[in-house]
Amino acid sequence: MPQTPQDVLNLIKEKDIKIIDLKFIDMPGTWQHCSFYRDLIDEDAFTEGVAFDGSSIRGWKAINESDMSMVPDPTTAWIDPFYEEPTLSMICSIKEPRTGEWYSRCPRTIAQKAVDYLISTGIGDTAFIGPEAEFFIFDDVRFDQTQNTGYYYVDSVEGRWNSGKEEKPNLGYKPRYKEGYFPVAPTDTQQDIRTEMLLTMAACGVPIEKHHHEVATGGQNELGIRFAPLVDSGDYLMIYKYVIKNVAKKYGKTVTFMPKPLFNDNGSGMHTHQSIWKGGQPLFAGDKYANLSQMALHYIGGLLKHAPALLAITNPTTNSYKRLVPGFEAPVNLAYSQGNRSASIRIPLSGNNPKAKRMEFRCPDATCNPYLAFAAMLCAGIDGIKNQIDPGDPLDVDIYDLSPEELAKVPSTPGSLLDALKALEADHEFLTSTGVFTEDFINTWIEYKLDNEVNPMRLRPHPYEFALYYDC
């Protein structure tokens, strides 16, 4: 992988690359891009950036102050595997061209500020993040919303609901509900597509580990990538989503990272492993519960304290809260445990290797903007360390065996995006006092989510409401 601007320019010349594609992330979390002829990319582009109009980017600039610059990071250069013309892709952060300052609403810049803040505290110098993003591969999807109709339809050859369908022939190998983890072929029909996804990611520079079918019927899957420093991990997750969607399209299939596209089966989450290191040494290993250090327990305390507000960023869609319900292995309980998967924080087994000691926040899903989500989680954890927040006792019992009285004592995740946004509005000093997030960003985020997602959903009748109320 190139490391310097000159490395990139040498690669362009060596491979005779004519087109350079610059990618950057908008506020909600979607990659945007613009392709440039190679003559427009010189060494200055890596410091001053390349100009573009920011007024059409969601949550960013007004039209009267729209000039912005995308600044490519030379360490992110990779040959894009999905274009016919050899094309070099790079990931960018955004600058204000008139002041030369990094743009305060650029998510990748916010992620870097979170790392800088960690270093400034003296607590550590590296935050490692390991996301596990689940997704569905479907064969067909249709949806629409008009004044007099509202519907969605998804289908998969693996869907158990198709076990009685005439498929000429129907071979019958379809994962049962909640039994997709993880039978071999022919029940698992997606080995080859997952392998191509994984190896394509590796060719794009992503450190890969594994792939497998996930719990739900209907084509739920997961590809494993290695943990990485925070900003790198955000870059890798964006390549992950880009590769998976485009490989699926090549196969005539479609991918969604929606947390709950299917009723009555497991949803898709993004369990996020986290640890802090300093001077090449891990800081989360110790002699406390589950062989954690006191620092790690305080980090967990910060995550649990701020979780309702965090979820407005880590679980930022109305659909996110259709996954966070009891009964589908969803982490709805704001507690920690070394083995309980319905707790929001789990301590994975790591043997006797202190470098593998970490904690796993199980609430997030892959609809989040990874740079914002990782930065917010780090800020919450640092707040726990600085203020020595006690996470309380671990929850090592089977939550489903608890009495209603006992269960009532266990805090739970917000029930809706609106509830999470209210929590963020009331509790965001742990984000803004650090200088990582600004008040402007938090206010813009809340306003955007209310105006574009929460309120539009509240205005529209739901199809199931007709089943409940039409004959009232």
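Because the model is predicted, local features are reported only at pLDDT of at least 70 and side-chain atom pairs only at pLDDT 80 or more, whereas totals for chains, interfaces and linings use all residues. Residues are numbered from 1 along each chain as its sequence is written, and side-chain values use heavy atoms, with hydrogens and water left out.

The protein chain is divided into domain 1 (5-103) and domain 2 (126-470), bounds that come from an automatic or database domain assignment. The C-alpha centres of domain 1 and domain 2 lie 29 Å apart. To the contact between them, domain 1 gives 17 residues and domain 2 gives 19 residues, contact meaning heavy atoms within 4.5 Å.

In soluble globular proteins, nonpolar side chains tend to be buried together. Here the largest nonpolar core has 121 residues. Such a core is a set of buried Ala, Val, Leu, Ile, Met, Phe, Trp, Tyr and Cys residues joined through side-chain atoms within 4.5 Å; a residue is buried under 20% relative accessible area, exposed over 50% and partly exposed in between, with a 1.4 Å probe and protein chains only. The residues with the most contacts inside this largest core are Met 197, Tyr 240 and Phe 437. The core lies between domain 1 (5-103) and domain 2 (126-470), because both give residues to it. Beyond its neighbours within four places in sequence, Met 197 is in contact with Phe 135, Ile 137, Leu 223, Val 243, Ile 244, Val 247, Ala 248 and Val 255.

Helices and strands are DSSP runs numbered from the N terminus, helices being H or I with at least four residues and strands E with at least two. Helix α11 (residues 439-459) has 21 residues and should span 30 Å at 1.5 Å a residue; its end C-alpha atoms are 28 Å apart, which agrees. The expected span is 1.5 Å times one less than the number of residues. At Leu 450, α11 bends by about 40°, the bend being the angle between axes fitted to the seven residues ending there and the seven starting there. The buried residues of α11 are Phe 441, Ile 442, Thr 444, Trp 445, Ile 446, Tyr 448, Lys 449, Glu 453 and Val 454. These buried residues pack against α2 (107-121), α5 (294-314), α7 (370-386), α9 (417-426) and α10 (429-432).

Side chains of opposite charge can pair when their charged atoms come close. A salt bridge is counted here when a side-chain nitrogen of Lys or Arg lies within 4 Å of a carboxyl oxygen of Asp or Glu, and the count comes to 20 salt bridges. In one of them, Asp 188 pairs with Arg 194, with the closest N and O atoms 2.7 Å apart. Asp 188 counts as buried because its relative accessibility is 9%, and Arg 194 counts as buried at 1%.

Glu 196 and Lys 250 also meet in a salt bridge, at 2.5 Å from N to O. Since Glu 196 lies in helix α3 (residues 191-203) and Lys 250 in helix α4 (residues 230-250), the pair ties together parts that are 54 residues apart in sequence. Lys 250, at 60% relative accessibility, counts as exposed.

A salt bridge of 3.5 Å, N to O, joins Arg 226 and Glu 209. Arg 226 lies in the loop between β11 (220-225) and β12 (228-229) and Glu 209 in strand β10 (residues 208-213), so this pair ties together parts that are 17 residues apart in sequence. Arg 226 counts as partly exposed at 39% relative accessibility, as does Glu 209 at 45%. Asp 16, Lys 18 and Arg 38 are linked in a network of salt bridges.

Some single residues complete the account. Thr 272, in strand β14 (residues 270-278), counts as buried at 0% relative accessibility. Thr 272 and Pro 364 are 92 residues apart in sequence, and their C-alpha atoms are 7.2 Å apart in space. Pro 364 is among the residues in contact with Thr 272, which also include Ile 129, Phe 361 and Met 377. Asp 155 is found in strand β9 (residues 150-155) and counts as buried at 9% relative accessibility. Leu 324 is placed in the loop between α6 (320-323) and β16 (333-337) and counts as buried at 7% relative accessibility.
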